[in-house]
Amino acid sequence: MTALPDPDIQPQFYSSVATRRLVAWIFDTFVILMLSFLAVLMTAFVGAFVWGALYLVIGFVYRTATIASGSATWGMQFAGIELRDAYGARLDGGLALAHTAGYTVSMALPLIQLVSIVMMLTSARGQGLTDAILGTVALNRRA
């Protein structure tokens with residue numbers, strides 16, 4: 001990961017990223033809930049019978065689309081962070097899809113999510129498990 005800022009030389013890129021990721025997650029969860037509620041209303045409440053699947057699909061599409069288009073979800077943009085690949089570039093559609101899939105798997109398996117959270121809090125770059133596997137990192141956006 002030589003193309004990414006070094007956390008020892010440029011710590012400002014990694015400062016408070018774990019906290020900002022939590023803020024982004026809360027924001028994104030609210031957006032996904034609102035989109036899911038809207039979908040239930042648009043289906044004349046039939047969507048309520050498949051709420052879990054509806055929420056999962058809407059969340060997956062939302063995360064993939066927003067990360068692919070701007071290397072950050074709306075929550076990440078709100079929190080002032082963005083995802084970058086191992087070369088320092090914005091995530092493309094394929095990497096956004098892989099990142100979202102990894103996030104979804106980790107959310108489905110609480111032990112994996114716990115490992116991911118511990119990694120975010122303790123690693124020099126603040127990477128979660130999916131980030132470490134894909135070589136991605138969340139950085140504070142440049143001003």
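Ala44 is exposed, because its relative accessible area is 56%; exposed means over 50%, buried under 20% and partly exposed in between, with a 1.4 Å probe and protein chains only. This is a predicted model, in which local features need pLDDT of at least 70 and side-chain atom pairs count only at pLDDT 80 or more, while totals for chains, interfaces and linings use all residues. Residues are numbered from 1 along each chain as its sequence is written, and side-chain values use heavy atoms, with hydrogens and water left out.

Ala44 sits in the loop between α1 and α2. Helices (DSSP runs of H or I, at least four residues) and strands (runs of E, at least two) are numbered from the N terminus. Although Ala44 is not a glycine, its phi is positive, at about 55°. Phe45 is placed in the loop between α1 (17–42) and α2 (51–70). Phe45 counts as exposed because its relative accessibility is 52%.

Met42 belongs to helix α1, and its 67% relative accessibility is why Met42 counts as exposed. Accessible areas come from the Shrake-Rupley method with a 1.4 Å probe, and for residues only the protein chains shown count as cover.

Ser16 also has a positive phi, of about 60°, although Ser16 is not a glycine. Ser16 lies in the segment before α1, and at 44% relative accessibility Ser16 counts as partly exposed.

**The whole chain**

The protein has six helices and two strands. Their order from the N terminus is α-α-α-β-α-α-α-β. The radius of gyration is 16 Å, close to the 15 Å that the globule rule gives for 143 residues, so the protein is as compact as a globular protein of that length. This radius is taken over C-alpha atoms, and the globule rule is 2.2 Å times the number of residues to the power 0.38. The C-alpha trace spans about 55 × 35 × 25 Å along its principal axes.

Of the 143 residues, 41% are buried. The protein exposes about 7900 Å², and carbon and sulfur atoms supply 73% of that area. Among contacts (heavy atoms within 4.5 Å) with a separation of 6 or more, 63% are between residues 24 or more positions apart.

**Salt bridges**

How many salt bridges does a search of the whole structure find? The search finds four. A salt bridge is a side-chain nitrogen of Lys or Arg within 4 Å of a carboxyl oxygen of Asp or Glu. The table gives some of the pairs.

| Pair | Closest N and O atoms |
|---|---|
| Asp131 and Arg21 | 2.8 Å |
| Arg63 and Asp28 | 3.8 Å |
| Glu82 and Arg84 | 2.9 Å |

Asp131 forms a salt bridge with Arg21. This pair links distant parts of the chain: Asp131 is in helix α6 (residues 129–134) and Arg21 in helix α1, 110 residues apart. Asp131 counts as buried because its relative accessibility is 1%. Arg21, at 14% relative accessibility, also counts as buried.

Arg63 forms a salt bridge with Asp28. Here too the pair links distant parts of the chain, with Arg63 in helix α2 and Asp28 in helix α1, 35 residues apart. Both Arg63 and Asp28 are buried.

Glu82 is part of strand β1 (residues 81–84). Is Glu82 buried or exposed? Glu82 counts as buried, because its relative accessibility is 5%. Arg84, its salt-bridge partner, is buried as well. Glu82, Arg84 and Arg90 are linked in a network of salt bridges. Leaving aside neighbours within four places in sequence, Glu82 is in contact with Ser71, Ala72, Arg90, Val137, Ala138, Leu139, Arg141 and Arg142.
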